Amino acid sequence: MARTMEPVAKKIFKGVLVAELLGVFGAYFLFNKMNTSQDFRQTMSKKFPFILEGKLKFGEMNSNEEASFPKGSQEFLQIGVCE
């Protein structure tokens with residue numbers, strides 16, 4: 001009985017592994033794009049404000065104050081786009 005479950009368990013493990021890798025690469029792409037493109041960051045702040053807030057809070061927790069805010073985000077805070 002245990003031998004018949006092994007192929008199913010391997011398929012599930014591979015599926016979970018692929019999903020995890022896609023999530024990691026997707027998060028990296030999103031983080032990198034938000035760090036380098038002010039237009040993309042502004043679009044994200046309008047459509048999905050919780051993502052930008054989470055990114056900024058993550059940056060605050062993991063780096064010094066200068067590096068926590070990407071280029072241009074100070075203007076967003078000043079005009080009230082992400083409070």
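F48 is partly exposed, because its relative accessibility is 37%. The cut-offs are these: buried is under 20% relative accessible area, exposed is over 50%, and partly exposed lies in between (1.4 Å probe, protein chains only). F50 is exposed, at a relative accessible area of 58%.

This is a predicted model: local features need pLDDT of at least 70, side-chain atom pairs count only at pLDDT 80 or more, and totals for chains, interfaces and linings use all residues. Residues are numbered from 1 along each chain as its sequence is written, and side-chain values use heavy atoms, with hydrogens and water left out.

**Rings**

The structure has 1 aromatic pair. The partners are F48 and F50, with ring centres 6.3 Å apart and planes at 80°, so the pair is edge-to-face. Rings of Phe, Tyr and Trp (its six-membered ring) pair if their centres lie within 6.5 Å; planes under 30 degrees apart are stacked, over 60 edge-to-face, and the rest tilted. Another ring, that of F40, has the charged end of K33 over it, 5.8 Å from the ring centre. That label needs NZ of Lys or CZ of Arg within 6 Å of the ring centre and within 35 degrees of the ring normal.

**Overall fold**

The protein has 5 helices and 0 strands. Along the sequence the pattern is α-α-α-α-α. Helices (H or I, at least four residues) and strands (E, at least two) are DSSP runs, numbered from the N terminus. Of the 83 residues, 19% are buried.

UniProt, in an unreviewed entry, lists residues 12-31 as "transmembrane region". Such annotations may be inferred rather than shown by experiment. In the model, residues 12-31 are 100% helix and 0% strand, with end C-alpha atoms 28 Å apart.

**Helix 2**

S45 lies in helix 2 (residues 38-47). S45 counts as buried because its relative accessibility is 6%. Its side chain reaches the backbone oxygen of Q42 at 2.7 Å. A polar contact is a pair of N or O atoms within 3.5 Å; within protein, one must be able to donate a hydrogen and the other to accept it, and residues adjacent in sequence count only if both atoms are side-chain atoms.

**Helix 3**

Helix 3 (residues 49-62) has 14 residues, which at 1.5 Å a residue should span 20 Å; the end C-alpha atoms are 20 Å apart, in agreement. The expected span is 1.5 Å times one less than the number of residues.
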